[in-house]
Amino acid sequence: QLQLVESGGGSVQAGGSLRLSCAAFGYAYAAIYSMGWFRQAPGKEREGVAGINHDGSTNYADSVKGRFTISEDNAKNTLYLQMNSLKPEDTAMYYCAADFRVRMRNAPLSTAEYNYWGQGTQVTVSS
């Protein structure tokens, strides 16, 4: 069974930066094909932010392109999300997700495409 544990959330002012981490436990990290970051603000649906496939290809939501960067360290079994130029509208609970299915396309940003989820880490951006 795969377990995902997020960390790195916090409170920052607009324009600031945070780096989220997601550590994977209990399963061979190399067997994971896609990983993604999602976020959910109060009263809103969970939305995809960024995804990365095993081949290193990445995919971003338009709202974060140029500001957020997804990456992974296979040696540490850890996924990262570097968030720069944060805005108040980035405030949300951030979740990482993983899936083992092989896809011949960009890393998915749909919640339906992921079977494993972490518990989330809160990001709050003040104006």
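A charge sits over a ring if NZ of Lys or CZ of Arg is within 6 Å of the ring centre and within 35 degrees of the ring normal. This is a predicted model: local features need pLDDT of at least 70, side-chain atom pairs count only at pLDDT 80 or more, and totals for chains, interfaces and linings use all residues. Residues are numbered from 1 along each chain as its sequence is written, and side-chain values use heavy atoms, without hydrogens or water.

| Charge | Ring | Distance to ring centre |
|---|---|---|
| Arg 46 | Trp 117 | 5.0 Å |
| Arg 103 | Tyr 114 | 5.9 Å |

Rings of Phe, Tyr and Trp (its six-membered ring) pair if their centres lie within 6.5 Å; planes under 30 degrees apart are stacked, over 60 edge-to-face, the rest tilted. The count is four aromatic pairs. Tyr 114 and Trp 117 form an edge-to-face pair, because their ring centres are 6.4 Å apart and their planes stand at 70°. Ring pairs link Phe 38, Tyr 114 and Trp 117 into a cluster. Buried means under 20% relative accessible area, exposed over 50%, partly exposed in between (1.4 Å probe, protein chains only). Tyr 114 is buried at 3%. Trp 117 is partly exposed at 26%.

Now the sheet. Strands are DSSP runs (E, at least two residues), numbered from the N terminus; two pair if DSSP finds at least two bridges between them. Four strands form an open, antiparallel sheet in the order β1-β3-β8-β7. Six bridges join β3 (residues 18-25) to antiparallel β8 (residues 78-83). Ser 21 stands opposite Tyr 80 in β8.
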